[in-house]
Amino acid sequence: MVSTDRLAEQVADHIRGQIVRGELADGAPLPKSEELIQRYPVSMPTFREAMRILEAEGLITVRRGRLGGAVVHRPSPANLGYNLGLVLAAQRAGIDDVATALRHVEPACAALCAGRPDRSTAVVPVLRELHEAYLARIDDLVEVVGVSRRFHEALVGLCGNPPLIVLAGALEALWSSHEQDWATRIRETTGVPLRARRAAGEVHGRILALIEQGAADEVHRLVTEHLTAAQRNPSPAGPAAVIDAALIRRQP
C-alpha cells in the first residue's frame, strides 16, 4: 500500500514537471482543486500535502479564502537564492561572504555581456533603460537602490550563460534583498549623500558604454572596482550581518 506522503510526492512531482516544462505558465492560475483531484484521484489531505510541497519549493502561491486558488511560479534565481540563503545561514556564512562571491562572478558576467555579438539589441537597451530610470529616481534612496540592484541583476541575467545566470542570479537575489532592506531602514536616518548616488550613476553609465563598445576586459575591471567600493561604503548590512533568506520572500 502506497503511503499518503508518497502519494502526495507523486502528485507534486507531476505538477512540478508541468511547471518546469512550461505546460503551466508562470503567473497562471493552477486548475481548481476539484479538477486536480479528478485528475489525481487522491484524498483531500493528500492533495493538500502535495500543494504544501509545491508552495514550500516556491513553485506555487496558495491564496486562501472564497476567492482563493494557487498561482504558478516557474523556478527562478530568487527561488535558488532563498534555498541558498538557508544553506549558507546553516553554515554560519555572513552577507559579507555573499558580497565577496559577487565581486568575483558579477564582473565575469558583465564581460560576457560585452562579448555578446547581439549586445546592441539584447543587452544595451535593457541596461540603458535601467540607467535612465536610476537617474530619474536619484532623489529617492529606496527607489534608486531598487533600480541599482536591477541594473546589477541585469548584468548577470543578460550574460548569455545559463549556469552563471542561475548561480550568480541566486547570489544577486540574496544581496539585493539585504541591500533593499538596509535602504528602507536607513532612509530616515543617515541616508546616502546625493553626490554618492550620482557617482554610482556615473559608473553605471561607464559600464554601459564599455559593454556597448564590446570592451570585455575593461568592463570586468570597472565592475570589480565598482563593487568593491559600493559594498564598502556603506555596507548594507554590516560586516558581521547574518544571512536572512526570508528577506527575499518579503520583496515585492
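1. Start with Glu49: at 25% relative accessibility, this residue counts as partly exposed (buried is under 20% relative accessible area, exposed over 50%, and partly exposed falls in between, using a 1.4 Å probe and protein chains only). Its salt-bridge partner is Arg52, with N and O 3.1 Å apart. A salt bridge here is a side-chain nitrogen of Lys or Arg within 4 Å of a carboxyl oxygen of Asp or Glu. Arg52 is partly exposed too, at 47%.

2. A word on what you're looking at. This is a predicted model, where local features need pLDDT of at least 70 and side-chain atom pairs count only at pLDDT 80 or more, while totals for chains, interfaces and linings use all residues. Residues are numbered from 1 along each chain as its sequence is written, and side-chain values use heavy atoms, leaving out hydrogens and water.

3. Now the rest of α3, which covers residues 44–56. Its 13 residues reach 18 Å from first C-alpha to last, close to the 18 Å expected at 1.5 Å a residue (the expected span is 1.5 Å times one less than the number of residues). Which residues of α3 are buried? They are Thr46, Phe47, Ala50, Met51, Ile53 and Leu54. These cover an arc of only 155° around the axis, which puts them on the same side of α3; the arc is taken from the directions from the helix axis to the C-beta atoms. On the face turned away from that buried side you'll find the exposed Pro45 and Ala56. Just after the helix, Gly58 takes a positive phi of about 80°.

4. Zooming out, the chain has 12 helices and 2 strands. Both are DSSP runs numbered from the N terminus: helices are H or I with at least four residues, strands are E with at least two. Along the sequence the order goes α-α-α-β-β-α-α-α-α-α-α-α-α-α. Of the 252 residues, 44% are buried. Among contacts (heavy atoms within 4.5 Å) with a separation of 6 or more, 73% link residues 24 or more positions apart.

5. Back to charges: the structure holds 11 salt bridges. One of them joins the side chains of Glu35 and Arg39, at 2.9 Å from N to O. These two are 4 residues apart in helix α2 (residues 33–39), so about one helical turn lies between them. Glu35 is partly exposed at 39%, and so is Arg39 at 38%.

6. Have a look at Arg149 and Glu172 as well, a salt bridge whose closest N and O atoms are 2.2 Å apart. Arg149 lies in helix α8 (residues 141–157) and Glu172 in helix α9 (residues 162–186), so the pair ties together parts 23 residues apart in sequence. Are these two residues buried or exposed? Arg149 counts as buried at 5% relative accessibility, and Glu172 is buried at 1%. Elsewhere, salt bridges that share partners join Asp13, Arg16 and Glu57 into one network.

7. Last, the cysteines. How many disulfides are there? The count is 0, where a disulfide is a pair of cysteine sulfur atoms within 2.5 Å. The sulfur of Cys113 is 6.0 Å from the closest cysteine sulfur, in Cys159, which is too far for a bond. Cys159 is in no disulfide either, with the nearest cysteine sulfur, that of Cys109, 4.1 Å away. Cys113 is buried at 0% relative accessibility, and Cys159 is buried at 4%.
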